[in-house]
Every structure is written in structure tokens, then in C-alpha cells.
Amino acid sequence: MNVIFLGPPGAGKGTQAVRVCERLGIPQISTGEILRHAIREQTPTGLAAKSYIDKGALVPDEVVIDIVRERLAQDDCQKGFLLDGFPRTVTQAQALAGFADIDAVIDIDVSDEKLIDRLSGRRVCPNCGGTYHVSCLNGSTTCQKCGSELIHRDDDKPETVLSRLTVYHGQTAPLIEFYSERNMLKRVDGAQSMDECFEAILEALGEEK
């Protein structure tokens with residue numbers, strides 16, 4: 001099954017993608033992780049992408065499209081995949097349709113107010129990628145998995161979160177209309193608990209809970 005996850009930053013796409021991929025036995029294709037890896041390695045693509053991400057803006061379509069096309073051509077994607085963070089624009093969606101058949105598009109819907117709280121309180125491990133919220137850390141500043149010092153990413157700071165949401169509503173939200181018109185979109189309430197959201201996604205995909 002080839003699946004796309006839509007939703008604003010902080011909607012829980014990454015968390016739910018991991019669970020869905022484990023359930024379906026397919027790889028999670030996260031463009032965010034691909035780009036962050038390139039930034040850490042300071043590759044030419046990574047350095048170019050960083051200048052946009054730091055401002056809360058989207059990385060240019062042509063860069064992301066090429067990365068995704070190459071990734072989906074790899075062997076582990078031939079029996080299905082889940083795209084998390086792509087497409088983000090109608091242009092990307094149109095390009096994707098040229099090299100991949102999509103079975104379902106899940107829109108994880110969360111209000112802006114809830115998203116700002118989620119993202120501004122998020123802390124990330126730069127070593128293993130573990131993600132936490134300050135409300136659950138009890139004052140701790142280290143990763144529970146590997147012990148590394150957690151960081152507050154620039155793109156999770158309140159002023160940048162507002163910029164990211166503005167970008168999302170202006171450029172990415174039209175994807176909802178794009179896939180609705182093609183009868184591919186299924187909306188899930190992302191404000192409910194993680195387990196409830198997961199069960200709703202499985203139901204939308206026609207999977208038994």
C-alpha cells in the first residue's frame with residue numbers, strides 16, 4: 001500500500017507514520033529526516049535546504065522532488081511506502097503522480113492553537129532523533145534512549161512555528177482540495193490521543209484494528 005500523510009507541522013505525522021509502517025510492513029519516507037541528515041553532513045543540498053528551514057520556509061520543489069524520486073526507486077519501496085512530509089505543494093503532488101501510484105491520503109487535522117503548544121514545547125535528540133515534549137520530561141534535558149542532551153530546534157521556537165503555519169496554510173493546505181477532488185483524501189482528528197488517532201488511521205486505510 002502506498003500512503004501519503006498530510007497535516008500541519010506538529011500534527012503527529014511522524015509518530016503515527018512509525019506505527020502505521022510497523023503495522024503494514026512498509027518503509028517510512030520522511031523528507032524531513034532526509035533533509036536533516038544532509039544538513040548534519042553539510043552536503044551542498046543540506047546547506048541550501050538549511051537556509052530555507054531556518055526561516056520556516058519550504059525547501060524548493062525541485063530539490064525535494066528529486067530526493068523523493070530516487071528514494072522511491074529503491075528496492076524496499078517496491079511493496080509499498082508511507083510518505084511523511086511529501087508532497088507539500090500541489091506542484092509536488094503533480095510531480096509525484098508522474099512516478100508513483102498512491103492508494104490513500106490521510107489528513108491529520110489539528111488546530112493552530114494546539115500545534116503551537118505542541119511544537120514550542122518539543123525537544124529533540126540530535127543523536128538518535130528521539131522526540132519529547134517538555135510536559136513529559138519532568139525537568140529532564142537528556143534523551144531517555146541514548147542520554148544525549150536534548151535541543152530546542154530553531155524551527156520549533158514560537159516565532160518560527162507561526163511562520164511555518166502561515167507557510168502551511170498558504171502553500172500546503174491546497175493539497176487537501178487537490179486530493180479531495182480525486183476522492184483520495186481521508187481526514188483524521190489529530191487532537192485525540194495517540195492510540196485513538198492510530199485506530200482512526202487504520203480504519204481509514206481499511207485495516208483491522
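These are my notebook entries on a predicted model of one protein chain.

**Ground rules.** I number residues from 1 along each chain as its sequence is written, and my side-chain values use heavy atoms, with hydrogens and water left out. Since the model is predicted, I keep to pLDDT of at least 70 for local features and 80 or more for side-chain atom pairs, while totals for chains, interfaces and linings use all residues.

**Confidence.** I checked pLDDT (the predictor's confidence in each residue, from 0 to 100). The protein chain averages 89, and 100% of the residues score at least 70.

**Overall build.** I counted 10 helices and 7 strands, taking them as DSSP runs numbered from the N terminus (helices H or I, at least four residues; strands E, at least two). The C-alpha trace spans about 45 × 40 × 35 Å along its principal axes. For 209 residues a compact globule would have a radius of gyration near 17 Å, and the chain agrees with its 17 Å; the radius is taken over C-alpha atoms, and the globule rule is 2.2 Å times the number of residues to the power 0.38. Of the 209 residues, 44% are buried (under 20% relative accessible area; exposed is over 50%, partly exposed in between; 1.4 Å probe, protein chains only). I also looked at contacts (heavy atoms within 4.5 Å): among those between residues at least 6 apart in sequence, 69% join residues at least 24 apart.

**The sheet.** Which order do the strands take in the open sheet? I read β2-β3-β1-β4-β7, 5 strands with parallel pairing; two strands pair if DSSP finds at least two bridges between them. The edges are β2 (28-30) and β7, each pairing on one side only. Neighbouring strands are turned by 25° against each other on average, direction ignored. Helix α2 packs on this sheet, touching β2 and β3 (81-84), and its direction makes about 55° with that of β2. For these angles, axes are lines fitted to C-alpha atoms, for helices over the stretch in contact, and angles run from 0 to 180 degrees between N-to-C directions.

**Strand β1.** I followed β1 next. It has 4 parallel bridges to β4, and 4 bridges join it to β3, also in parallel. On the β4 side, I4 stands opposite V105 and L6 opposite D107; towards β3, F5 stands opposite D84. Are the faces of β1 covered or open? Both are covered, with N2, I4 and L6 buried on one side and V3 and F5 on the other.

**Helix α10.** In α10 (residues 194-204) I found C197, F198, I201, L202 and A204 buried. They lie on the same side of the helix because they cover an arc of only 160° around the axis, the arc being that of the directions from the helix axis to the C-beta atoms. These buried residues pack against β1 (2-6), α1 (13-24), β4 (104-109) and β7 (185-189). After α10 comes G206, with a positive phi near 80°.

**G12.** Where does G12 sit? I found it in the loop between β1 and α1. G12 is partly exposed, at 24% relative accessible area. Leaving aside neighbours within four places in sequence, G12 is in contact with I108 and R118. I also took the distance to C143: 19 Å, C-alpha to C-alpha, at 131 residues apart in sequence.
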